[in-house]
Amino acid sequence: MLRNLMRLYRRPSYAVSDRCPWVCQGGQARLSTLLGNAKAYSTAASERKKFYQDVSISQGDDGLYEISLDRRKLKTPGGKLFTVPNEALAIAVATEWDAQKDTLKFYSMHLTTLCNTVLDNPTHRDKGQIITAALKFLETDTVCYRVEDPSGMVELQKNEWDPVLDWIEKRYNVVIGSSCNIMGPQIPEQTKDTFRQHLGSYNLWALTGLEYVITQLKSVVLSFGLIDRHLTVEQAVLLSRLEEEYQIQHWGNVEWAHDYDMYELRARTAAGSLFVHLSSESSTVKRKLLQD
Amino acid sequence: MEFPLSECGSVVLKSKLCQEPIETLGFQEKWRRDKLRFKMAALISPLRVCRGILKEIRALKGREYKQTLAYNYVLDQFRKNQVSSERYCRAQEEALHTSQSYLCLLASTRLHLALHNLYHGKGERAPEEVAGMVGLRLPTQPGGKGWEK
């Protein structure tokens, strides 16, 4: 039975490299490399029949929470026991498994994917490497690149992006700036050091989630705004897709492309943000003393 | 700028909030109206978030949604975070933000899956169907002109 379960999870889903593992089988390899992203969504490849009825959580001896599917413990694609550090995250993951109807749609289980990534660490990176990878996005940050041409777009970028830039510059006491040049703004080394130091205070779980949010939004500034609770997920996604929204206003909205992308981006960003918040919070309960 | 999108049957041309045709409003004005929706998203009340999440759980689980782990946990958390006075409470704001993210995750995943099933979940479409999606029709006769003879 355990072996069966293992085989089921041998089809891994990771946040970082969730496109490669299952595409290298037999004659499909070439086609799927070409299709890339589309392959991950082809229904046959990423769905499995649902093989359980009940989903429950339990707390292990070490204080970590585990997920059980019909009394069988959930495992990661790498074969480790699936454990998460707190109850809220465990319940959110259990809900994802519980929500699956007839087939398991792994591409809709973002929190499970993120947990798998942290537990298995398929890219074998340490904290320093993740921070460096995340901060690389600062050099090409979405909100730092401005257009010069249609005047409506120029005004829009100024009105919407400048407040967030101002906010982050004040909040972290750094200089970022924006540019119309293809080379982007010159970001001082001191700014990067400040952010690197700040990111160093997060644990591996939160960092993985944060890097995921940054790669989704293509912006360090917006991700920090979201994680520091200055922006909501909807606002951050809107600001990240500002140019697309502008084009939609002119040319109309195409449901199967624009809305489809937007909801996916929202779901992924929300999952990442939730993951960071849930795995970095320490909940303490302080009770009021009863007065006599 | 004149692009006959609105004539195509299945292309959804809508300004996200307002029902008025796109051409009647200036761009900045439209943008401000649209932004209102996102601004409001920032000020959404805890009760609405709570009900929103419970509604999503219900959409996922159907009738027995009250027996799920998530239902009880969410209700419990919202009850715990109620405060009796109007004092500024940072923990409560943090909890509200987190719960809003969760609501967004559940709603977006549901809508994304719905769109996925509607448009992308069926594999390749027939040429006629693809043409129909952008409001076109394939010629009925393969030979093209001259069919009327």
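Among contacts in chain B between residues at least 6 apart in sequence, what percentage join residues at least 24 apart? In this predicted model, the value for chain B is 45%, where a contact means heavy atoms within 4.5 Å; in chain A, among contacts between residues at least 6 apart in sequence, 62% join residues at least 24 apart. Residues are numbered from 1 along each chain as its sequence is written, and chains are lettered from A and ligands numbered from 1 in the order in which they are written. Because the model is predicted, local features need pLDDT of at least 70 and side-chain atom pairs count only at pLDDT 80 or more, while totals for chains, interfaces and linings use all residues, and side-chain values use heavy atoms, with hydrogens and water left out.

Chain A contains 14 helices and six strands, whereas chain B has five helices and zero strands, with helices (H or I, at least four residues) and strands (E, at least two) taken as DSSP runs and numbered from the N terminus. Along its sequence, chain B accordingly reads α-α-α-α-α. Of the 292 residues of chain A, 55% count as buried, and of the 149 residues of chain B, 35% do so; buried here means under 20% relative accessible area, exposed over 50%, and partly exposed in between, with a 1.4 Å probe and protein chains only.

Helix α6 of chain A (residues 110–120) has 11 of its 11 residues buried, so that it is largely enclosed by the rest of the structure; among these buried residues are His110(A), Cys115(A), Asn116(A) and Asp120(A). The axes of α6(A) and helix α14 of chain A (residues 255–280) come within 9 Å and cross at roughly 50°, the axes being lines fitted to C-alpha atoms, for helices over the stretch in contact, with angles running from 0 to 180 degrees between N-to-C directions. That angle makes α6(A) oblique to α14(A), given that angles under 35 degrees count as roughly parallel, over 145 as roughly antiparallel, 65 to 115 as roughly perpendicular and the rest as oblique. At this pairing, His110(A), Leu111(A), Leu114(A), Cys115(A) and Val118(A) of α6(A) meet Ala267(A), Arg268(A), Ala271(A), Gly272(A), Leu274(A) and Phe275(A) of α14(A).

Just after α6(A), Asn121(A) takes a positive phi of about 45°. Most residues other than glycine have a negative phi. Asn121(A) lies in the loop between α6 and α7 of chain A and is partly exposed, with a relative accessible area of 22%. A positive phi, of about 55°, is also found at Lys218(A), which is not a glycine; Lys218(A) is placed in the loop between α10 and α11 of chain A and is partly exposed, with a relative accessible area of 44%.

Helix α9 of chain A (residues 189–200) has 12 residues and reaches 16 Å from its first C-alpha to its last, close to the 16 Å expected at 1.5 Å a residue, the expected span being 1.5 Å times one less than the number of residues. Within α9(A), Thr191(A), Lys192(A), Phe195(A) and Leu199(A) are buried. Seen down the axis of α9(A), these buried residues fall within an arc of 95°, so they line one face of the helix, the arc being that of the directions from the helix axis to the C-beta atoms. The buried residues of α9(A) pack against α7 (127–139), α8 (151–172), α10 (204–217) and α11 (220–227) of chain A, whereas the face turned away from the buried side carries the exposed residues Gln190(A) and Gln197(A).
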